Amino acid sequence: MPTISAVSAPLRSAPAPRGTEGLAQALLREGLVSPHDMVAALRLHRARGGRLADLVLARGLVSEAQLFRLLAEIWEVALFADHSPAIDPRLIDAFGAVECLALHLLPCRLIGGGTLVATAHPEDFHRHRPKLEAVFGPVLMVLAPRGVIEAALLTARGAKLALLAETRVAEPDSCRSYRAEVLRLPVAAFGLAIWVAAVLWPAWAMLIAVILALVAGMAFTGLKLSALLGALRHPPPPPAPIIARLPIVSVMVALYRESNIAPRLVKRLGRLDYPQELLDVLLVVEAEDHQTRAALERADLPGWMRIVVVPDGSVKTKPRALNFALDHCRGSIIGVYDAEDAPEPDQIHKVVQRFHARGPDLACLQGRLDFYNPRINWLSRCFTIEYATWFRLLLPGIERLGLAVPLGGTTLFFRRAALESLGRWDAHNVTEDADLGMRIARRGYRTELIDTTTFEEATCRPKAWVKQRSRWIKGFMMTWITHMRDPRLLWRELGPRKFLGFQLLLAGSVLHTLLAPILWTFWALPLGLPHPVQSILPEAGIWVLIVCFFAIEIGLIAFGIVGMRRTGHKLSPLWVPTMILYYPLATVAAYKAAWEMLVHPFYWDKTSHGEFDQMG
């Protein structure tokens, strides 16, 4: 079969589409697919639509090289090969690199009075021809696998695509304009003022700090208890819809330095029971991460999984990688998993059914997260209890209260059209999920929690836990600062209820964590030790503060016990009170996050996975 370097004949249109029938006959004629498998494939193709070529590849009935050799014979066109002449990047710019990725087209070079254009889908080329000819004039089709086209586009315009991935969100909605150096002097002055007040008026300074800490703690605890009441209400399940034709679902998994867990990830995603020809899994890796790429290539990926390589850029974050990979997705529903995730097999089916049953205002579905290693040590048990309260009580309760839902980073599914209209993810926000959840609410879309669970690995070492949590808290800080640039606009877009929920959830949780050490000083009183505020408050006032403090502690314990009982882990409730020793780790992480907001605001402190993986 000639390559494009051998094409020199006068330009002519490709023959009329041979379509499904021609490909099926060729596969049978060449003996590449058995009659039994072909009948089954054609039956699925008639029922589900799509391309027969994608179906036989996804089901492993034929190799990519065999398929494209046959397609080239059927369509009587040449193949684009690795040794073909270099492409002209100016042609890509003329048509648009993003459009090339979306349509899997590659304008190659001028030849014989026209332009050579490679496509991965010859049956669609006639639909794109008018647009191509409007840009280039006469065009000649050649064939190339999708991966070859994507690699060529990355080589030619990777830097441009990387910059676009970093700036997808409009600047007024992005945190990329945040300048840490502007805040350093005001923060230093504020810290000096606190120190002076503590030296000159220690009792009054402590009293003010105690009141602020109690207000933050009671506000956030109040939100939790309100969410608890909302979560205890069980809305009727939506009726099971009848779906005539299932959609293609694309799932992105951002990987960075995950060579040890990559083979297990492939195995776990292989348990998803959604039709393989309609499942489009993208394993997204950084260009410099050669170890992970090599591990994935050794994992013998099925036809419905593929590697997407992200070119280097000015930031190296998960949202930047997702922004880049989204242009490679085929699906109308977009999912996001993490490297260590083990989703329930029927999860994609549940997602498709829920989207089908709801209107277009439902932009996002958030699944539950849980751990498959809760009993490693005390830290993993506490982390499991915290996750239970967050994903089984707080987020469902927030949704049912009609508040904006901060997304959880994984087991997220979006209507692609809504995600595109929102500008995708903010590449500079290290808690991109919380930010996107707020933008979903601001634009009038909704997020719902869905009854499906993904299991992942609990961080079991204190140092790694603090690093992970500091990134989350730093993202909450950044999200609050970004959305509060124009409070009046935020109020108008969210409305009073969601605006209050935004303040309680983001500002309340961060302040509660930062100011928690102030409240811990009340533990001195049961030990018979003096407290600074005793010198200026009457005994009744001291008791009011003590009651408020212990009310917060009791509320947190109750919240933890109810959340834990909603899991299947059967951990003893006695572990919940020990979390008073767990929360100080969060405070350490909060101060680390506050420091990084002044020195490394966009730094992604990566969490390593696979060390305590107990799930096959």
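Leaving aside neighbours within four places in sequence, H121 is in contact with R51, D54, L103 and H104. The model is predicted. A search of the whole structure finds 17 aromatic pairs, whereas the number of disulfides is zero.

- H121 lies in the loop between β2 (114-119) and α7 (125-136).
- The relative accessible area of H121 is 6%, and the cut-off for a buried residue is under 20%, so H121 counts as buried.

**Aromatic pairs**

- Across the whole structure, 17 aromatic pairs are found.
- One of them joins F383 and W465, whose ring centres are 6.1 Å apart with 70 degrees between the planes, an edge-to-face arrangement.
- This pair links distant parts of the chain, since F383 belongs to helix α15 (residues 378-400) and W465 to helix α18 (residues 462-483), 82 residues apart.
- Both F383 and W465 are buried.
- W465 also pairs with Y582: the ring centres are 5.1 Å apart and the planes stand at 70 degrees, so this pair is edge-to-face. The angle cut-off for that class is over 60 degrees.
- W465 counts as buried because its relative accessibility is 0%, and Y582 counts as buried because its relative accessibility is 1%.
- Ring pairs link F383, W465 and Y582 into a cluster that also holds F371, W378, Y387, F391, W472 and Y583.

**Cysteines**

- A disulfide is a covalent bond between the sulfur atoms of two cysteines.
- The structure holds zero disulfides.
- For C100, the closest cysteine sulfur is that of C108, 9.7 Å away, which is too far for a bond. The cut-off for a disulfide is within 2.5 Å.
- C100 has a relative accessibility of 0% and therefore counts as buried.
- For C364, the closest cysteine sulfur is that of C329; the separation is 15 Å, so it is too far for a bond.
- C364 counts as buried because its relative accessibility is 0%.

Technical notes
Residues numbered from 1 in each chain as written. Predicted model: local features only at pLDDT ≥ 70, side-chain atom pairs only at ≥ 80, totals over all residues. Heavy atoms only, no water. Helix = DSSP H or I, 4+ residues; strand = E, 2+ residues; numbered from the N terminus. Buried < 20%, exposed > 50% of the residue type's maximum accessible area, 1.4 Å probe, protein only. Contact = heavy atoms within 4.5 Å. Phe/Tyr/Trp six-rings, centres within 6.5 Å; stacked < 30°, edge-to-face > 60°.
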